[in-house]
Amino acid sequence: MRFPGMPWMDRVIGTQNTSIVSYVNSHVTEEADKIRMIPYIFQANNTFRLFNDKLILNQETPSAQNFGVLTSEGGDIPAGTFSTLSPGQVFDEAISDLIAALEADFDTGFNKLMEYDQLSVRQYLLNRNFTGPEIEWIETINDATGHYDDMSLSQAALEQWIFDSAPLSSWQAVDGGMDRMTYGMTKILKNSVITSKRVTAIRPGAGTSLDVVINGTEVRNYAHVINTVPLGVMQMMDLTELKLDYTKRLAIRKLSYDPAGKIGMTFKSRW
């Protein structure tokens, strides 16, 4: 897990007392329980990329020309301006108006993104007159094979906005892994955290509460439940008594990892 160095991340890694990292570090009693942030190294010169049996240094442009995928070499990208450009640069320019709207005012920019939310990245680029082979090339180098078919344009634009807003040198990671953050949080909670319990069902409890069934027999009642297990695991839980509507059950069945991982929730207050 990596964190971009931008104000939106201050609530997690910022230096103010209310950020998760600062709050945990000021309340744990043992030095070993503190969360230590370290630079996240994205890239470095003189490392290399390998594609199509062509090895090029990282500081060189990862272009179709440099990787030998021109039509004259048996590939499917014609020689020309596009073949000399970085796919990242091309994609950034293709959605530059959406990025500019987010930078000017996030709420307005986000509403603009929602106008395109029904489009995948591939559909949007096709509408911008990119050819199929060009889109395949941008996807291959800039993202990952198959992502442009199941990734919405709004998701891709938000990701690009983050990278444009936060220089690669500003990104951080947690020394020892992300579980150091949750480990530190458990150290300062008033109530102990229960682990290694297999949830087999979630069902309505008394009033507006929820009953969480563990191993089919033990029942624990909670006023509020946030279920963050992978959706494939959630399908194995008995949720029938929750009477989820069809669209929610469809989402649990259909969403793949990347789109599901980008769903966000806003709460009225910190909890």
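How many bridges join strand β2 to strand β3? The number is 4, between residues 48–51 of β2 and residues 54–57 of β3, and the two strands run antiparallel.

## Basis of the model

This is a predicted model, in which local features need pLDDT of at least 70, side-chain atom pairs count only at pLDDT 80 or more, and totals for chains, interfaces and linings use all residues. Residues are numbered from 1 along each chain as its sequence is written, and side-chain values use heavy atoms, with hydrogens and water left out.

The confidence score, pLDDT, is given by the predictor for each residue on a scale from 0 to 100. Its average over the protein is 91, and 96% of the residues score at least 70. Confidence is highest in strand β6 (residues 210–214), with a mean of 97, and lowest in helix α14 (residues 257–260), with a mean of 62. Where pLDDT is low, the predicted coordinates should not be read in detail.

## Overall architecture

The protein contains 14 helices and 7 strands. These elements are DSSP runs numbered from the N terminus: helices are H or I runs of at least four residues, and strands are E runs of at least two. Taken along the principal axes, the C-alpha atoms fill a box of roughly 70 × 50 × 40 Å.

Of the 271 residues, 30% count as buried. Buried means under 20% relative accessible area, exposed means over 50%, and partly exposed lies in between, with a 1.4 Å probe and protein chains only. Among the contacts with a separation of 6 or more, 53% are between residues 24 or more positions apart; a contact means heavy atoms within 4.5 Å.

Two strands are taken to pair if DSSP finds at least two bridges between them.

An open sheet is formed by 3 strands in the order β5-β6-β7, with antiparallel pairing. Because β5 (199–204) and β7 (218–222) stand at the edges, each with a single partner strand, one side of each is left without a neighbour in the sheet. Neighbouring strands are turned by 25° against each other on average, direction ignored. Strands of a sheet pair through backbone hydrogen bonds, either parallel or antiparallel.

The pairing of β5 with β6 is antiparallel and extends over 5 bridges. Ile202 has Val212 of β6 as its bridge partner, and Pro204 stands opposite Leu210 in β6. The hairpin of β5 and β6 has 5 residues between the strands, where Gly207 takes a positive phi near 65°. In the loop between β6 and β7 lies Asn215, which has a positive phi of about 55° although it is not a glycine.

## Helices α4 and α5

Helix α4 (residues 87–94) packs against helix α5 (residues 96–104) at an angle of about 65°, and their axes are 5 Å apart. The axes are lines fitted to C-alpha atoms, for helices over the stretch in contact, and angles run from 0 to 180 degrees between N-to-C directions. The angle therefore makes α4 roughly perpendicular to α5; angles of 65 to 115 degrees fall in this class, those under 35 count as roughly parallel, those over 145 as roughly antiparallel and the rest as oblique. Asp92, Glu93 and Ala94 of α4 meet Ser96, Asp97 and Ile99 of α5.

Ala101 also lies in helix α5 and is buried, at 19% relative accessibility. Leaving aside neighbours within four places in sequence, Ala101 is in contact with Gly109 and Lys112. The C-alpha atoms of Ala101 and Phe130 are separated by 22 Å, and the two residues are 29 residues apart along the chain.

## Two loop residues

Ser120 occupies the loop between α6 (106–114) and α7 (121–127). With a relative accessible area of 11%, Ser120 is buried. Apart from neighbours within four places in sequence, Ser120 is in contact with Tyr148, Asp149, Met151, Ser152 and Leu153.

Lys243 is located in the loop between α12 (231–234) and α13 (246–254). Lys243 counts as exposed, at 72% relative accessibility. The phi of Lys243 is near 55°, a positive value in a residue other than glycine.
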